[in-house]
Amino acid sequence: MADLQRSWRRCWRALGASDDGAAVHAELLAAYDEPQRSYHTRQHLHECLDRFEACRDLAPRPAEVEAALWFHDAVYDVRRFDNERRSADWARDAVLACGASRDVAAHVDALVMATRHATMTPAGPDAQLLVDIDLAILGADVDRFAEYERQIRREYAHVAEAEFHPRRRAILAAFLGREQIYATPRLHAELEQRARANLSLAIAGNVA
């Protein structure tokens with residue numbers, strides 16, 4: 001499992017920060033521990049950073065990608081539709097405040113915004129890697145994928161069954177309908193086939 005403190009210190013220092021970012025780090029961990037979360041928690045953060053550790057060599061600007069992973073779900077409210085924008089704002093402001101350049105802050109901002117998953121192939125290898133890491137859960141083993149689906153359902157516990165399941169199937173079907181889910185060749189080779197199998201089972205209602 002990823003060493004969160006090591007990851008944070010490494011990326012924060014590499015951004016060009018003039019401080020250790022300890023206060024921001026504590027605020028982020030507190031955010032991922034918020035009680036309304038079930039999937040978008042430290043577990044997800046750990047999984048993303050574990051995946052990044054194994055493929056950081058693919059990132060042209062690895063410090064920004066790692067920082068964006070820290071911030072990409074920093075704000076999470078299932079009743080709002082601007083979580084990514086608010087998370088990106090937090091990331092940009094924090095990066096600027098630490099003394100990093102405007103170019104670095106803008107890149108981190110754009111990377112966080114890429115996790116809206118609004119386009120099938122995000123622009124640039126950093127964004128593609130970040131999005132693939134965020135979506136790696138779709139290609140998890142069967143038990144972890146089933147747990148993920150239960151966690152998402154708990155986060156939307158306020159939504160009635162009759163409304164939740166058609167919406168959820170539509171979201172999953174949109175990913176399954178893509179020509180390819182993963183843009184990064186290494187992650188595509190590792191996860192694409194299993195992700196399609198998981199999505200097909202979930203859409204059919206066959207995930208326990």
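Helices here (H or I, at least four residues) are DSSP runs, numbered from the N terminus, as are strands (E, at least two). The structure is a predicted model, in which local features need pLDDT of at least 70, side-chain atom pairs count only at pLDDT 80 or more, and totals for chains, interfaces and linings use all residues. Residues are numbered from 1 along each chain as its sequence is written, and side-chain values use heavy atoms, with hydrogens and water left out.

- Helix H7 covers residues 125–134, and nine of its 10 residues are buried (under 20% relative accessible area; exposed is over 50%, partly exposed in between, with a 1.4 Å probe and protein chains only).
- Among these buried residues are Ala127, Leu129, Val131 and Asp132.
- What do the buried residues of H7 pack against? Their partners are helix H3 (42–55), helix H4 (62–71), helix H6 (102–114) and helix H10 (185–203).

**How H4 meets H7**

- H4 and H7 pack at an angle of about 35°, and their axes are 10 Å apart (axes are lines fitted to C-alpha atoms, for helices over the stretch in contact, and angles run from 0 to 180 degrees between N-to-C directions).
- On the H4 side, Val65, Ala68 and Leu69 meet Asp126, Leu130 and Ile133 of H7.
- Sorted by class, this contact of H4 with H7 has five nonpolar, no polar and one charged residues (Ala, Val, Leu, Ile, Met, Phe, Trp, Tyr, Cys and Pro count as nonpolar, Asp, Glu, Lys and Arg as charged, and the others, Gly among them, as polar).

- Asp109 counts as buried because its relative accessibility is 11%.
- Leaving aside neighbours within four places in sequence, Asp109 is in contact with Arg85, Ala88, Asp89 and Arg92 (contact means heavy atoms within 4.5 Å).
- His117 is found in the loop between H6 and H7, and at 18% relative accessibility His117 also counts as buried.
- With neighbours within four places in sequence again left out, His117 is in contact with Val131, Asp134, Leu135, Phe175 and Arg178.

**Aromatic rings**

- There are seven aromatic pairs (rings of Phe, Tyr and Trp, the last by its six-membered ring, pair if their centres lie within 6.5 Å; planes under 30 degrees apart count as stacked, over 60 as edge-to-face and the rest as tilted).
- One of them joins Trp8 and Phe71, a tilted pair at 6.2 Å centre to centre with 55° between the planes.
- This pair links distant parts of the chain, as Trp8 lies in helix H1 (residues 4–14) and Phe71 in helix H4, 63 residues apart.
- Trp8 is buried, with a relative accessible area of 2%, and Phe71 is buried at 0%.
- Another tilted pair is Phe145 with Tyr148, at 5.7 Å centre to centre and 50° between the planes.
- Phe145 and Tyr148 are separated by about one helical turn because they are three residues apart in helix H8 (residues 142–155).
- Ring pairs also link Trp8, Trp12, Trp70, Phe71 and Trp90 into a cluster.

**Charges over rings**

- Where does the charged end of Arg153 sit? Its place is over the ring of Phe164, 4.2 Å from the ring centre (the rule asks for NZ of Lys or CZ of Arg within 6 Å of the ring centre and within 35 degrees of the ring normal).
- The charged end of Arg37 sits over the ring of Tyr32, 5.1 Å from its centre.
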